[in-house]
Amino acid sequence: MAEQQEQAAPDAMMTRIGQVVMLHHGGDREEARGRFLDLWGEIGEDGDPLHRCTLAHYLADTQDDPADELAWDLRALSAAEELTDAAERHRSLAARAFYPSLHLNLAADYVKLGRSEAARSHLRRARGAAGALGNDRYGDGVRAAIGRLELRLDGTGPSHGGPGEDPGSVEGPGTVERPGPFGGSGGETLGPPRQRP
């Protein structure tokens, strides 16, 4: 019984991460980056992989340097891999559904850095993992973003998005927000919508 109550209790760290995400979405990027880094200090390099994955995923969006953004996205992927290896089945399922987005973000990072082969490699992984996505707005949005970045890398799409637009972004004009534990479809993904500045 106590185990069931523990599982049903809200995850305080995820709630705190979500609050900073809202601050970032509200336009206070510098403050959000500082608060995210404070949370990272609390979680630590060996903390809960779900927390590290989610936090690194959003910390990437607050970075000014594309190389720093890549480093945080790589941390997110590494934490997701630890989560998949864990014995916690529900978290493993959530991580698997998040791989398409994690690899899409890495592909977009590599595009920004002019590393098209690395971008293509992560796009293949994103496409290969897309089977874990549901047939819903989130899944459709991720698949569409993968397609847009594939077209761009193949030279048949626009060479770049608008100012500040992420080449692999799930969000933007005509795209959708991804659901997460803070709302949306049952909280099965690791975090709320990523938003690029």
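In helix H3, the residues Arg33, Phe36, Leu37, Leu39, Trp40 and Ile43 meet His51, Arg52, Leu55, Ala56, Tyr58 and Leu59 of helix H4. Divided by class, the residues of this contact between H3 and H4 comprise 9 nonpolar, 1 polar and 2 charged. The model in which this contact is found is a predicted one. As for the geometry behind the contact, H3 spans residues 29-43 and H4 spans residues 49-59, and the two pack at an angle of about 155° with their axes 10 Å apart. Because angles over 145 degrees count as roughly antiparallel, H3 is roughly antiparallel to H4. The crossing of H3 and H4 is left-handed.

This pair belongs to a protein that has 8 helices and 0 strands, so that, read from the N terminus on, its elements run α-α-α-α-α-α-α-α. Of the 197 residues of the protein, 46% count as buried. Among the contacts in the protein with a separation of 6 or more, 60% are accounted for by residues 24 or more positions apart.

On the H7 side, Ser116, Ala119, Arg120, Leu123, Ala126 and Arg127 take part, and they meet Arg143, Ile146, Gly147, Leu149, Glu150, Leu153 and Asp154 in H8. By class, the contact of H7 with H8 contains 6 nonpolar, 2 polar and 5 charged residues.

Helix H8 itself has 18 residues and reaches 25 Å from its first C-alpha to its last, which is close to the 26 Å expected at 1.5 Å a residue. Its buried residues are Tyr138, Gly139, Gly141, Val142, Ala145, Ile146, Gly147, Leu149 and Leu153. After H8 comes glycine 155, whose phi is positive, near 80°.

One further residue, histidine 103, has its place in helix H6, residues 89-112. Histidine 103 counts as buried because its relative accessibility is 8%, where the cut-off for buried is under 20%. Leaving aside residues up to four places away in sequence, histidine 103 touches Leu77, His122, Arg125 and Ala126.

Conventions. Residues are numbered from 1 along each chain as its sequence is written. This is a predicted model: local features need pLDDT of at least 70, side-chain atom pairs count only at pLDDT 80 or more; totals for chains, interfaces and linings use all residues. Side-chain values use heavy atoms; hydrogens and water are left out. Contact means heavy atoms within 4.5 Å. Helices (H or I, at least four residues) and strands (E, at least two) are DSSP runs, numbered from the N terminus. Ala, Val, Leu, Ile, Met, Phe, Trp, Tyr, Cys and Pro count as nonpolar, Asp, Glu, Lys and Arg as charged, and the others, Gly among them, as polar. The expected span of a helix is 1.5 Å times one less than its number of residues. Buried means under 20% relative accessible area, exposed over 50%, partly exposed in between (1.4 Å probe, protein chains only). Axes are lines fitted to C-alpha atoms, for helices over the stretch in contact, and angles run from 0 to 180 degrees between N-to-C directions. Angles under 35 degrees count as roughly parallel, over 145 as roughly antiparallel, 65 to 115 as roughly perpendicular and the rest as oblique. A crossing is left-handed if the near helix is turned anticlockwise from the far one by less than a right angle, and right-handed if clockwise.
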